[in-house]
Amino acid sequence: MYKKVETEIGGRTIAVETGKIAKQANGSVVVSCGDTIVLVTAVGEKQSKDMGFLPLTIEYQERLYAAGRIPGSYFRREIGRPSEKEVLTCRLIDRPLRPLFPEGYMNETQVIITVFSADQEIDPDILAMNGASAALIISDIPYATPIAAARVGYVNGEYILNPTRSELEESAMDLVVAGTRSAVVMVEGSAGELSEEVVMEAIFFAHQGIQPLIDMQEKLREEVGKPKWEVTPPAIDETLRARVEELAAEGMEKVVNTAAKMERSAAYDELKAQILEQLDEEEYESESQVFSLLGDYRKRVMREQLVQQGKRLDGRSFDEVRPVSCEVGCLPRTHGSALFTRGETQAMVVCTLGSERDEQHLEGLSGDEYRHFMLHYNFPPFCVGEVRFLRGPSRRDIGHGTLARRGLEAVLPDEETFPYVIRIVSEVLESNGSSSMATVCGGSLALMDAGVPIKAPVSGVAMGLIKEGDKLVVLTDILGDEDHLGDMDFKVVGTAKGITSLQMDIKIDGVDRDVMTRALAQARDGRLHILEKMTEALPEPRGTLSEHAPKYITMQINPDKIRDIIGPGGKVIREMTAEFDAKIEVEDNGTVKIFTTDGEAAKGLVARIEELTAMPEVGRIYEGVVKTVKDFGAFVEILPGTDGMVHISELENRRVNKVTDVLNEGDTVRVKVLEIDNRGRIRLSRKAALEEKK
């Protein structure tokens, strides 16, 4: 049955239609706004996998035909790994949806979003998020709570709902907010050092703005929604549960009161082994059944200890940051480096400076993008004491790296004043919660160690939430277990002045304004504390770049001389690049940019370019080479590629019968420039040069 509904958001109409295409999916919708159109399908397996978790897969795919473009790859098709934008959009969709599936639902479920048409002003990601919820809502998959999403911009003190790409270029904020009817469930984005109050208002401005989108989904469900599958949560053997908790009570007390992560993990492994030894085989069906009950007990004990006793796993108070230590200049050959340690989380972060040729080229629906600042986050298995294959960056790695990049971008100098391409790489060496925030802090220090004149140091902290009934606690600088067993992960990045990026994920129904206000205020205190520790290690950017960083020199030449630097087929510039071990970039307006690690080589290269591009000056004496001899005079090359003529009457102070009596081809001769006419012809004199020498 075909049905179309629409509503107006931010002055633009968003339409959702179903029943026309992709009808074999459990649920499918086409979402459009302007000329941007996305297809969203949801398909679920009817049989449960009983995997212990929800096997939900989100796939967002951009087709370049949507923007009227052909892919630039060799095969001329979209192949290989998804782009960074596609990965980030998948995460934006997954994070608000996943917690809202019913408990016990473990069926293989897949949501695929395909961009069919791309308006250059309207980003498909918000349409994809709303479409994913709508496709699930009208399907028979047991997902029943609609979510909606919107982007918020901030221009001239005014909030803009779902700004266009042009409006975002002027915006001090790019924030994506997702929520249910009653609460916010996800926040992600960047801000230009804005206050907590401004960010808070933006979040709830968006939450109010998405209500029509939820109304639209509810209306669609009433019209075409399918009956939902029944979900039967796995039966729990209450007798076995009581027996496991009885046997584990004493040991669990030790587990949740062991501060060190690896020791706590070892104590828990030992407890699991003890429980299995004490149980008769007839009492349980499988080890996984026992471990599941034990895991539930561990979660309950930890949460009760936090809420009822006010006691964290490592003994800290709720608003206390773990011990912080910072070292800079750790690696001798890098341009900038920092080792940031906070508790049992540690990152070695390295800054590398390069030339414009090192910038990252990204191909997407909005056209080609050239990125001057890159941040790459690596999470090797040894950092959590695991053994697994080393592969490319995961979706998590890309998401964490993007969060850190957004947090640091706000304080970078303008490209005009600092033309270097910057790459930050974070190697996570230990992890017990919030390694992305360690990346932010280490990245800020590495930039300053490299001499990058950032506007202000940046730090980040991860906040947590535990809610039991009417009681609620907000935790600063959460541990890994507090993240896994808690109800919220709220990462806040910023300077002393304000917020530069943030990311919030909620595992419960959502949070209200009071809770978020409290979390942001507590996060600010934590950020400022960490900034103090960072300032003790390095209070401001170094005044000079590392001796190993490339030296940057700009020159301005006559655009007509560009061909002399390039040479036939690029021969001259290639030879200079090899000889001086430098990168040379020549712009059409005659600007020459030189990057080299050797200062002396840079001086030599500048002298060579000046020689190649020098313009002759009237009245100046040059030493040139005779290129051609004619009856009436000789042509002398006074500069590379620049010839002038010495008339026979200008060869000597006496009469000369034949030019070859004085000059022959290949001779070196001193000549003076007498005149350069309006056609660029140069008149030279050997006689004048001889007289001046006397």
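Two strands pair if DSSP finds at least two bridges between them. Strands (E, at least two residues) and helices (H or I, at least four) are DSSP runs, numbered from the N terminus. The model is predicted: local features need pLDDT of at least 70, side-chain atom pairs count only at pLDDT 80 or more, and totals for chains, interfaces and linings use all residues. Residues are numbered from 1 along each chain as its sequence is written, and side-chain values use heavy atoms, with hydrogens and water left out.

Six strands form an open sheet in the order 1-2-3-4-6-5, with mixed pairing. Strand 1 (3-9) and strand 5 (56-62) are the edges; each has a single partner strand, so one side of each lacks a neighbour in the sheet. On average, neighbouring strands are turned by 15 degrees against each other, direction ignored. Strand 2 (residues 12-18) pairs with strand 3 (residues 27-33) in the antiparallel sense, over three bridges. Here Glu17 has Val30 of strand 3 as its bridge partner. Helix 5 (residues 211-224) packs on the sheet and touches strands 1, 2 and 3 (contact: heavy atoms within 4.5 Å). The direction of helix 5 makes about 170 degrees with that of strand 1 (axes are lines fitted to C-alpha atoms, for helices over the stretch in contact; angles run from 0 to 180 degrees between N-to-C directions).

Helix 1 (residues 84-97) packs against helix 2 (residues 124-138) at about 40 degrees, with the axes 10 Å apart. From helix 1, Lys85, Thr89, Leu92, Ile93, Pro96 and Leu97 meet Asp125, Ala128, Met129, Ala132, Ser133 and Leu136 of helix 2.
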